[in-house]
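Here's a quick tour of some charged pairs and a helix. Have the side chains on display as you read.

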Amino acid sequence: MGFVFSKSMNENMKNQQEFMLMNARLQLERQLMMQNEMRERQMAMQIAWTREFLKYFGTFFGIAAVSLTAGAIKNKKPFLFFPLIPLSFVFAYEYDMGYGTLLQRMKGEAENILEAENDKLQLPKGMITFESLEKARRAHSKFFIEK
């Protein structure tokens with residue numbers, strides 16, 4: 001009779017473990033999807049911010065370009081063109097970020113770094129462990145009582 005109970009308990013335990021594993025996997029998938037959704041929303045906000053900034057900076061750049069060009073021609077002072085050089089670089093960068101392929105190029109470079117230059121991504125003193133966190137927590141804790 002004990003064997004029958006033992007067999008059914010083992011069966012129930014196995015079913016419970018399978019359920020827990022499936023539940024943990026489902027929870028992990030949900031967390032990954034949520035993190036990806038948050039990342040996508042943050043990237044969309046960054047691109048939207050860049051496009052909005054480009055509108056204001058583009059207006060400033062256009063007014064500055066016309067004014068500096070008119071001043072350089074009118075006063076015959078070519079050095080008035082020089083501020084347009086750095087401004088044009090900023091404008092080109094912001095345009096590329098908002099409407100161009102800068103994000104795709106950055107993604108490609110990031111993938112290259114992850115694949116070919118992984119050693120540059122290592123943390124000092126290696127990966128953080130539970131033991132190192134506990135050691136630091138104990139060092140700073142006023143309420144810790146050693147057992």
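## Ground rules

A salt bridge here is a side-chain nitrogen of Lys or Arg within 4 Å of a carboxyl oxygen of Asp or Glu. The model is predicted, so local features need pLDDT of at least 70 and side-chain atom pairs count only at pLDDT 80 or more, while totals for chains, interfaces and linings use all residues. Residues are numbered from 1 along each chain as its sequence is written, and side-chain values use heavy atoms, with hydrogens and water left out.

## Pairs along α1

Searching the whole structure turns up 7 salt bridges. One of them joins Arg 41 to Glu 37 at 3.1 Å, N to O. These two sit 4 residues apart in helix α1, so about one helical turn separates them (helices are DSSP runs of H or I, at least four residues, numbered from the N terminus). Arg 41 is exposed at 52% relative accessibility, and Glu 37 is partly exposed at 36% (buried is under 20% relative accessible area, exposed over 50%, partly exposed in between, with a 1.4 Å probe and protein chains only).

Glu 29 and Arg 25 also form a salt bridge, at 3.8 Å, N to O. Glu 29 is partly exposed at 41%, whereas Arg 25 is exposed at 59%.

In helix α4 (residues 130–140), Arg 138 and Glu 134 lie 4 residues apart, about one turn. Salt bridges with shared partners link Glu 134, Arg 137 and Arg 138 into one network. The Arg 138 to Glu 134 contact is 3.8 Å, N to O. Glu 134 is buried at 17% relative accessibility, but Arg 138 is partly exposed at 41%.
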